[in-house]
Amino acid sequence: MIPVIVVSIYLVIIAVIGSVAFRKTQSNTEDFFLANRTVGSMVFFLSLFATNMTAFAILGSSGQAYRQGIGIYGLMASSSGLVIPLTIFFIGTRLWAPDAGRFFS
Amino acid sequence: MKATKVLFLTLLIVLVYFLHQDFWNWKQAEPFVFGFLPIGLAYHAGYSVAAAILMAVLVKLAWPGHLENTESQAADKESKNDGGHG
């Protein structure tokens, strides 16, 4: 029963935050996808980290860690800590360039 | 960018990537760092720091500034085209 209560409270809080945010936003694509370009470095980093942790959880990292131990951190998190920044550095920067077509056409 | 610089940075990336495969820690939990942290986890905590340092080095030494120059050139070109249609 307690887990149901905790999850329900969490969902209500999320819904309230979403409702308040909806009233304060501009309802266009730039606002939805890019937060009106107001996302700073720390928020961007935390968002990227949370996205990756969610992906790992869906892939079963929690269960694997339970089965094999904390070494799963090395398998997933620390390799991503190198590969994702390298991907952003080498590919993301070229996608960001206005003439990205000349790199990827 | 100079060829030696490119070679150095490439080898550095390859080295850091292969350091991730700490096979010498895969079959043991001890010694415990600070009394509780398995050696494998402590190694990867340090590895995460090393990866951050590598990225800082790459940003400092190999940032693709020519892409930012491309952006300002594209903006200039766009403003010239708008002037032509006036």
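Start with both chains on screen: 23 residues of chain B and 20 residues of chain A take part in the contact (contact means heavy atoms within 4.5 Å). This is a predicted model, in which local features need pLDDT of at least 70 and side-chain atom pairs count only at pLDDT 80 or more, while totals for chains, interfaces and linings use all residues. Residues are numbered from 1 along each chain as its sequence is written, chains are lettered from A in the order in which they are written, and side-chain values use heavy atoms, with hydrogens and water left out.

**Stop 1: the interface**

The size of an interface is often given as the accessible area lost when the parts come together. Here the two chains bury about 1,800 Å² between them (accessible area lost, 1.4 Å probe, summed over both parts). Carbon and sulfur atoms hold 81% of it. Now select B:Leu41, B:Met55 and B:Leu67. They supply 29% of the area that chain B buries against chain A, more than any other three residues.

**Stop 2: the core**

Which residues make up the largest nonpolar core? Select A:Leu82, A:Leu86, A:Phe89, B:Leu9, B:Ile13, B:Val16, B:Tyr47, B:Ala51, B:Leu54, B:Met55, B:Leu58 and B:Ala62, twelve in all. Such a core is a set of buried Ala, Val, Leu, Ile, Met, Phe, Trp, Tyr and Cys residues joined through side-chain atoms within 4.5 Å; buried means under 20% relative accessible area (1.4 Å probe, protein chains only). H5 of chain A, with helix H1 (3-19) and H2 of chain B, each give two or more residues. H2(B) gives the largest share, six residues. Helices are DSSP runs (H or I, at least four residues), numbered from the N terminus.

Click A:Leu86. Beyond its neighbours within four places in sequence, A:Leu86 is in contact with B:Ile13, B:Met55 and B:Leu58.

**Stop 3: the largest pocket**

Next, select A:Phe44, A:Phe45, A:Leu48, A:Ile84 and A:Ile88. Of the 31 lining residues, these lie nearest the centre of the largest pocket. A pocket is an open set of points on a 1 Å grid over the protein atoms alone, where a 1.4 Å probe fits, with protein on both sides within 12 Å along at least five of seven lines; lining residues have an atom within 4 Å of a point. The volume is about 1,300 Å³. Colour H5(A): it brings eleven residues, the largest share of the lining.

**Stop 4: the second largest pocket**

Finish at A:Ile70, A:Gly71, A:Ile72, B:Asn25 and B:Trp26, which lie nearest the centre of the second largest pocket. Its lining has 18 residues, and its volume is about 420 Å³.

How values were computed
Grid points are joined across faces, edges and corners, and a volume is the space filled by probe spheres set on the points. Buried means under 20% relative accessible area, exposed over 50%, partly exposed in between (1.4 Å probe, protein chains only).
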